Amino acid sequence: MHVHPLITDSATLANLCARLAEAPFVTVDTEFMRESTYYPELCLIQIADTEEAAAIDPMAPGLDLTPLLNLLTDNEDVLKVFHAGGQDIEIIYNLTGRTPHPLFDTQVAAMALGQGEQIGYSNLVDSWLGIQVDKGARFTDWARRPLDARQIEYAIGDVTHLSKIFPRMLERLRKTGRGAWLDQEMERLADPSNYANDPDVAWKRVRAASRKPEVLGRLKAIARWRELEAQAKDLPRGRIVKDETLADLAGHPPRKQADLAKVRGLSQTWAGNDIGARLMAAIESAAPLSDDELPPRDDRKPGLGKEGALVADLLKLLLKIRARDIDVAPRLLARSEELELLAAGQRKGLQILEGWRYDQFGHDALDLVEGRLGFAVRGGRLKMTRTEVEAA
């Protein structure tokens, strides 16, 4: 494989993208920094096909990334391959308002091949190629220039290894007939709504002890305010106000701006400055949360009750057995939230009752909650067994 020198000029990048546009797939990775910013700071982009690979410096003066971004988001003929690509996709979304499509994530695919729920890149490379990845450069400050040869080699390795792994992984998926299982997961990963930071739903990320509509209404208002402040200043949310302080403000709102000086986690200067005034305006304008927006009483077991919670536990046991028997990661088959909804009586809108998930697990899960399936120990191994009700 030909590995190019670090690309820093628009003409070289445009020529590379023109060639890659003819490839059936490209592997993609990014290096970024986000410790001190709201939006991740893109520092390096790596891309490869089976013939050539390159690292691209997005911080190079005058570099036009348009051909690369168009290749990733507009070219439907080239499959974009990532490993645990959520943050890489987020960066591309922030730059374009679009996501790479079509895409393939090797971490998700590994779940279908029995390699665990979140296999790391180094372990993936070791298991498929027998190569130990040099981790010496993983703590690089990627925003610092110049980058040395070792750092660039480390970064490009992420896509060159992946370009060898992907075809092998695809072939194994075809042999096992599990490639189709992943289509829905990949479309979900490519959904732009996953990467849009909507200020109106920011409150759902903050843990609050109260379910009172007025408290959650304040939490929604001030979480929205914090999100907008963080976006405008390009600072991490926690640099504006920490989650625990938001929850405290929602539960015990100050009556006037001067009271902000007494709030733990806020600077005393907020008692008289503009950001404190904007916070108070958000608190004062808050309306109680509507019934439709209120979260379930117990996020872990919505509407279950004691018996339903036991049924959910049995479903989770069934999931472990089934995942073991067909050698896939349990999370690919079903998520805990769906099992709890099924135990609570919900039947519509559940992925486990649709498509391949129904065939592989959902059918048995439904039989369990409706009394047609039980458990048995045979030869020291826990198995599923049909009940006499089914036989009758």
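Why does Asp259 count as buried? Asp259 counts as buried because its relative accessibility is 15%, where buried means under 20% relative accessible area, exposed over 50% and partly exposed in between, with a 1.4 Å probe and protein chains only.

The model is a predicted one, in which local features need pLDDT of at least 70 and side-chain atom pairs count only at pLDDT 80 or more, whereas totals for chains, interfaces and linings use all residues. Residues are numbered from 1 along each chain as its sequence is written, and side-chain values use heavy atoms, with hydrogens and water left out.

Asp259 sits in the loop between helix 10 (243-251) and helix 11 (274-285); helices are DSSP runs of H or I with at least four residues, strands are runs of E with at least two, and both are numbered from the N terminus. A polar atom of the Asp259 side chain lies 3.3 Å from the backbone nitrogen of Arg255.

Helix 11 packs with helix 8 (residues 213-233) at an angle of about 145 degrees, their axes being 8 Å apart; axes are lines fitted to C-alpha atoms, for helices over the stretch in contact, and angles run from 0 to 180 degrees between N-to-C directions. On the helix 8 side the contact (heavy atoms within 4.5 Å) involves Arg218, Ala221, Ile222, Trp225, Glu229 and Lys233, which meet Ile275, Arg278, Leu279, Ala282 and Ile283 in helix 11. The residues of this contact divide into 7 nonpolar, no polar and 4 charged, where Ala, Val, Leu, Ile, Met, Phe, Trp, Tyr, Cys and Pro count as nonpolar, Asp, Glu, Lys and Arg as charged, and the others, Gly among them, as polar.

In helix 2 (residues 66-73), the buried residues are Leu68, Leu69, Leu71, Leu72 and Thr73. Their packing partners are helix 1 (10-20), strand 2 (25-33), strand 3 (41-48), strand 4 (52-56), strand 5 (79-82) and helix 3 (86-96).

The structure holds 0 disulfides, a disulfide being a pair of cysteine sulfur atoms within 2.5 Å. For Cys17, which is in no disulfide, the nearest cysteine sulfur is that of Cys43, 19 Å away.

| Residue | Relative accessible area | Class |
|---|---|---|
| Cys17 | 5% | buried |
| Cys43 | 0% | buried |
| Asp141 | 31% | partly exposed |

The C-alpha atom of Asp141 is separated by 21 Å from that of Leu63, and these two residues are 78 residues apart along the chain.

How values were computed
A polar contact is a pair of N or O atoms within 3.5 Å; within protein, one must be able to donate a hydrogen and the other to accept it, and residues adjacent in sequence count only if both atoms are side-chain atoms.
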